[in-house]
Amino acid sequence: MTGESDLQKLLSGMRPELAPGRYVFTMVEGGVPSGVTPVVTVAEREGLTLVVPLEEADAAGLAYDYVAGWITLRIHSALEAVGLTAAVSRELTDAGLSCNVVAGFHHDHLFVPYQHADRAMAVLESLARRSAG
């Protein structure tokens with residue numbers, strides 16, 4: 001099934017959902033350590049970036065700095081859709097919130113500072129309401 005590409009429909013129907021828990025970005029050389037189940041992996045020249053639950057990172061002795069809340073936009077966005085990331089990023093920027101975006105096949109995933117995840121949710125829910133007309 002092809003994802004949605006109309007920006008207004010994407011924004012009004014994004015239905016942000018905050019996953020329970022805290023997530024961290026870490027980097028490993030080689031493979032994923034035993035006992036670690038990443039929610040995101042990115043292969044870079046410098047090593048393998050993992051986004052993992054904080055508890056798993058601690059148990060595996062992985063280093064991290066940034067602790068995030070994980071928000072999923074629950075609309076099937078087309079990978080070629082134009083403007084969703086920019087609109088969401090602009091709203092969060094205006095609220096003074098950082099955001100790391102990862103696009104999955106079906107959904108966009110936002111990693112925001114854990115201590116401000118509820119505020120980020122409120123900003124996104126407000127954007128969705130305003131976009132609905």
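In what order do the elements of the protein chain run from the N terminus on? They run α-β-β-β-β-α-β-α-β-β-α, and the chain holds four helices and seven strands. Helices (H or I, at least four residues) and strands (E, at least two) are DSSP runs, numbered from the N terminus. This is a predicted model, in which local features need pLDDT of at least 70, side-chain atom pairs count only at pLDDT 80 or more, and totals for chains, interfaces and linings use all residues. Residues are numbered from 1 along each chain as its sequence is written, and side-chain values use heavy atoms, with hydrogens and water left out.

**Overall form**
- The C-alpha trace of the protein chain spans about 50 × 30 × 25 Å along its principal axes.
- Of the 133 residues, 41% count as buried (under 20% relative accessible area, with exposed over 50% and partly exposed in between; 1.4 Å probe, protein chains only).
- Among contacts (heavy atoms within 4.5 Å) between residues at least 6 apart in sequence, 71% join residues at least 24 apart.

**Helix H3**
- Helix H3 covers residues 84–94, and its buried residues are Leu84, Ala87, Val88, Glu91 and Leu92.
- These residues lie on the same side of H3 because they cover an arc of only 125° around the axis, the arc being that of the directions from the helix axis to the C-beta atoms.
- The face turned away from the buried side carries the exposed residues Thr93 and Asp94.
- The cover over the buried residues of H3 includes helix H1 (7–12), strand S5 (67–73), strand S7 (108–113) and helix H4 (117–131).
- After H3 comes Gly96, which has a positive phi, near 75°.
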